[in-house]
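Thanks for coming, everyone. Let me walk you through one structure, starting with its surface.

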Amino acid sequence: MTGSDLLRYARVHRGVAVLAATAAIALLSAFFGGTHIALPSIGSGGVTTGVPFRHELPLLSAVFLTAALDGAMSAHDEMGASAMHRFRLTYCTGLTLTACAFSFSTEALAVGPEAGVVFVRSLLIWLGLALLSVRLLGHQLGWIIPLASAFFLIWYPHNRWDWTSNSASDLFSWAVAAIALSVGVTSIAATPWRRKAFLRR
């Protein structure tokens, strides 16, 4: 695998668009992340609750990252041999690390290093859920499972599961990140031909 091969692959798999979208989300969070979204509280008698934009914006970055799996070559990628899957893994890992680095940097400069770490952790959790959604529901519906989880966090905030509010050092949230990302990556790796090969054993 050469640099030119990776650039050609990125051109076909929306690399520039994905990085531009995640960079725009990171900048949006840096400048407007403190703005609260007014939402009605369940059982509050009409009282509204505010959720900072930056808590939910990593969801968008995660969904945008899954767009790298779609495109004109997606069906070919699914049928590719192990070398093709390693190439795709390298490409997606590079995109994710770039998005995480830029997101952390902007959040750290705008708010502080801890906010940058929490943003990246949320991005990784939602990326795992988005990858699972892509496998179960298709490339165009990678947002459904992450959005479902976001509704739970918005209306039941500040609980043990709320990885958007827990501290950067919260081990439980990092365990959730590791599990979600592992499940997501495994689901994407489980291509139809791999599942058939596994079932034949």
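Accessible areas here come from the Shrake-Rupley method with a 1.4 Å probe, and for residues only the protein chains shown count as cover. On that basis, the protein chain has an accessible surface of about 10,600 Å². Carbon and sulfur atoms hold 72% of that surface.

A word on the source. This is a predicted model: local features need pLDDT of at least 70, side-chain atom pairs count only at pLDDT 80 or more, and totals for chains, interfaces and linings use all residues. Residues are numbered from 1 along each chain as its sequence is written, and side-chain values use heavy atoms, with hydrogens and water left out.

Now the fold. The protein chain has nine helices and two strands. Those are DSSP runs, helices being H or I with at least four residues and strands E with at least two, numbered from the N terminus. Along the sequence the pattern is α-α-β-β-α-α-α-α-α-α-α.

Next, one residue. Thr-96 sits in helix α5, residues 82–110. Is Thr-96 buried or exposed? Buried, at a relative accessible area of 14%. Buried means under 20%, exposed over 50%, partly exposed in between, with a 1.4 Å probe and protein chains only. Across the protein chain, buried residues make up 42% of the 201 residues.

What does Thr-96 contact, leaving aside its neighbours within four places in sequence? Leu-65, Leu-124 and Leu-127. Contact means heavy atoms within 4.5 Å.

Last, contacts along the chain. Take those between residues at least 6 apart in sequence: 67% join residues at least 24 apart.
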